[in-house]
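Subject: Structure for you to look at

Hello,

Here is the structure I promised to pass on. My notes on it follow below.

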Amino acid sequence: MRSVRIWFNKKDTAKYISHLDLTRCLIRAFRRTDIPLWYTEGFNPHPHLVFGLSLPLGVEGIREPLDIRLNDDNYPLERVIEQLNSVMVPGIEFVEIAEPLNKPLAIHSGEYTVQIPCESNSKVLCELIKKTVTEKDITFDKKVKKGGFKTINASEHLKNFHANYTDNYVNLRFILPAGNDFTVNPVSFCNALFEKIGRKDILHRITRHKLLMKDGTEFK
Amino acid sequence: MLSNKIEAIFPLVQKPARYTGGELNSVIKNKDNIDLRFAFCFPDTYEIGMSHLGMKILYSLINSRENFWCERVFAPDTDMENIMRERNIPLFGLESRDALADFDVIGFTLQYELSFTNVLNMLDLSNIPLRSANRGDSLKTPIIIAGGPCVCNPEPLADFIDCFQIGEGEEVMLEFLDLLNEYKKKGASRCDFLKAASKIEGIYVPSLYNVEYNADGTIKSVTATDGAPEKVNKRVVSDLDSVFYPEKFVVPFVEVVHDRVVHEIFRGCIRGCRFCQAGFWYRPIREKTVDTISKQSRRLACTSGYDELSLCSLSSSDYTKITELLEELLGWAIPQKINVALPSLRIDNFSDELKEKLALVRRSGLTFAAEAGTQRLRDVINKNISEAEILDTCRKAFVGGWTAVKLYFMIGLPTETDEDVIGINQLSQKVVDEFYNNPDKPKGKGVNVSAGVSSFVPKPCTPFQWEPQDTREELKRKQQLLLETCSTKKITFRFHNTDLTFLEGVFARGDRRLCDVIETAFKNGCKFDSWDDKFKFDVWMNAFEECGLSTEFYANRRRSYEEILPWDHINSGIKKSFLISENEKAKKAEITNHCRQQCAACGSNSLNGGKCDALCKNMV
């Protein structure tokens, strides 16, 4: 048995596949290939799939990690990628396979970009966002497991915030906590930010580019 | 552009993957090379519609033709619909995201009566006139067609649907589309096309039939015009081995009700339970061979990645070579970790051998449809199971380790007395006793008998089509009687909403005057009527009042054998004289043997060149 980490992109409408649905979708994809996936033993055998960290619904992901176990130690790794991509749904693409270096529990935060299309005045919008993020607290209510809500002040956790603009877009880049212990949902953060500047329904596209560990280095 | 407007609302709705398309095996074609575009509409939510086998078959069938493109459409959930209406987004096909008005044909499948308002809602969301009469005389407006089991009485939707496809769709669908393609190419009018379509066997064009009524509201006459046939024959596929079956299923992202490979092993039913519309409507019996079933389902498992295969038919264990079939399927399914499920087992031929074979895969629940509580009433409905057989099977199941049994019953059956109703309790109690009589019962575990008690709805094309349905008050009284006479917590009852049952009864045997009621109820906010939480009974009752029609006339009235029934011009193949004789036998609690013991000459094979697989010589 051999553990490997595969890296995939989840883009376009595939970003609307929820985490639970993605698990089912990938298990079925493996079943359409000849990849010798390792199944748990017991009464109800199921394949062993561990995602680095779930993506919030509606967020695109670049290089998302997924750990699997193979029964056959000699199965060519590049063939895993080839086989999976040949049966995959549009929007999901496997890009790399490697030995896992870090443990999934080491994931601490995520680096995100947000692209906001705007037909005019991208400069004005960009300045407004910058000003708001620097001067004000971006807060939102988060549902907690016990029931009820907890107010999260995203500004306390926001790191490396950058904003710039081109003729047609405003682009944001930032880091927010994302891991087993504590996560600030980038969707909630963006919604709260846009509500604060009075642009509640503004179209935007959120992408997670990297998963980082506590020391700020990339998860591998 | 519409696609952008649609994209913008995905983040705002629940489970957006129901509206995005892009599922595995969904078919994308280049519009420029397409002659006809078909929108296959299921008038309920995605989760329900994506479970429907008929849609999978017809979707693949139409798409197998290079010049046709079939897309899927479902009723948007309430949150989605509200946003679509707010932002003026019309109903769209999941594959192309084009508005339905851009399609050539819009086809609805009618699986249950209480989906009728959803059909209207989906037309309304597409900005297509609700009534056929208001769609002009050009073929530019999509042709609205409908099929499915409800079309054995299509009349309640007669004013909204241009053409009904009566019976099985695999053959008539392409004949119909080819004709439409030809008429579109020559620039024909809508009216000329509909007249020509009515000549295809199995196509019913309701606007070509004039219905006159007597003073008492019954039908005086139904007259065919413009050369349409006096009786429209149900279409029957003769050979299930050679008929089209998909190689691929669209595999949804979100979890749907039936999320697995489904394989139909035969059509029809040999049993002849007198309440059962499907049992008569899908006759004659036609079986697929073991070899075809195995090859086709193996291919489907391979192209979908599903880990479950479910066989589908009425009373699956009546398949003549069921043991051989299971051996063959389990032979390749078990090594591939595929679970084989056989959902429709009849209790009397649930053999030890069969049980053992199914125990190889994951154990599923044990469900028996006893239907009635006393032997007399089971004889009335021709459900030929004895109490001893039910208890015997339960005993074996309990010995095998089962601790929960589901029993299905109906109340409101013809000739039913309170004694029969209480019999449901007594039978359930005997099942409980059977558990405790088992010396090897699992320690520390109780038994749970769950009795699903639905209310009988008389349906067209059955021996009970003339019978009055119990009133809502009577059904509620019988439900109460069951609760009052039950003294144990080991038995749990689940009842159907009597208001829903009542309305289902009205539409099942309704005539085309009900079109006004449906339109009125829809305009006053009725949709998703089969959903308890969305059903608006008062609005429906007001609609009947507004249209001057009585619900009791349709649901609670006994019809005479001589009365012209609204569906008499639809020929299911089953002879009226057979249904009458079955009705008379029911009154005397006389049973009819199943088709393999003795052919009852129902007449259904008349639409299949005299062939019926129940009559094969190598049968039991």
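Helices here are DSSP runs of H or I with at least four residues, and strands are runs of E with at least two, numbered from the N terminus. Please keep in mind that this is a predicted model.

Chain A

On that basis, chain A has 4 helices and 10 strands. Their order along the sequence is β-α-β-β-α-β-β-α-β-β-β-β-α-β. The C-alpha trace of chain A spans about 55 × 40 × 30 Å along its principal axes. Chain A has 220 residues, and 47% of them count as buried. Take the contacts in chain A with a separation of 6 or more: 73% of them join residues 24 or more positions apart.

Two helix pairs are worth a look.

The crossing of H5(B) and H17(B) is right-handed. H5(B) contributes Phe116(B), Thr117(B), Leu120(B), Asn121(B) and Asp124(B) to the contact. From H17(B) come Ile518(B), Glu519(B) and Phe522(B). By type, the residues of this contact are 4 nonpolar, 2 polar and 2 charged.

The second pair is H15(B), residues 472-484, and H16(B), residues 498-508. Here the angle is about 140°, with the axes 10 Å apart. H15(B) and H16(B) are therefore oblique to each other. The cut-off for roughly antiparallel is over 145 degrees. H15(B) passes H16(B) in a right-handed crossing. On the H15(B) side, the contact uses Arg472(B), Leu475(B), Lys476(B) and Gln479(B). They meet Thr498(B), Asp499(B), Thr501(B) and Phe502(B) of H16(B). This contact divides into 2 nonpolar, 3 polar and 3 charged residues.

Gln479(B) is buried, at 11% relative accessible area. Leaving out residues up to four places away in sequence, Gln479(B) touches Ile411(B), Ser455(B), Phe495(B), His496(B) and Thr498(B).

Cys25(A) counts as buried, at 9% relative accessibility. Cys612(B) is in no disulfide either; the nearest cysteine sulfur belongs to Cys595(B), 6.2 Å away. The cut-off for a disulfide is within 2.5 Å. Cys612(B) is buried too, with a relative accessible area of 16%.

Backbone points to check

Most residues other than glycine have a negative phi, and most peptide bonds are trans.

- The peptide bond from Arg283(B) to Pro284(B) is cis, with omega near 0°. Pro284(B) sits in the loop between helix H8 (277-281) and strand S12 (286-287) of chain B.
- Asp12(A) has a positive phi, near 50°. The residue is in the loop between strand S1 (2-10) and helix H1 (19-31) of chain A. Asp12(A) counts as partly exposed, at 46% relative accessibility.
- Asn88(B) has a positive phi of about 55° and is not a glycine. Its place is the loop between helix H4 (78-86) and strand S3 (105-109) of chain B. Asn88(B) is exposed, with a relative accessible area of 62%.

Best wishes

How values were computed. Residues numbered from 1 in each chain as written. Chains lettered and ligands numbered in written order. Predicted model: local features only at pLDDT ≥ 70, side-chain atom pairs only at ≥ 80, totals over all residues. Heavy atoms only, no water. Left-handed = near helix turned anticlockwise from the far one by under 90°. Contact = heavy atoms within 4.5 Å. Nonpolar A, V, L, I, M, F, W, Y, C, P; charged D, E, K, R; others polar. Buried < 20%, exposed > 50% of the residue type's maximum accessible area, 1.4 Å probe, protein only. Axes fitted to C-alpha atoms, helices over the stretch in contact; angles between N-to-C directions. Parallel < 35°, antiparallel > 145°, perpendicular 65-115°, else oblique.
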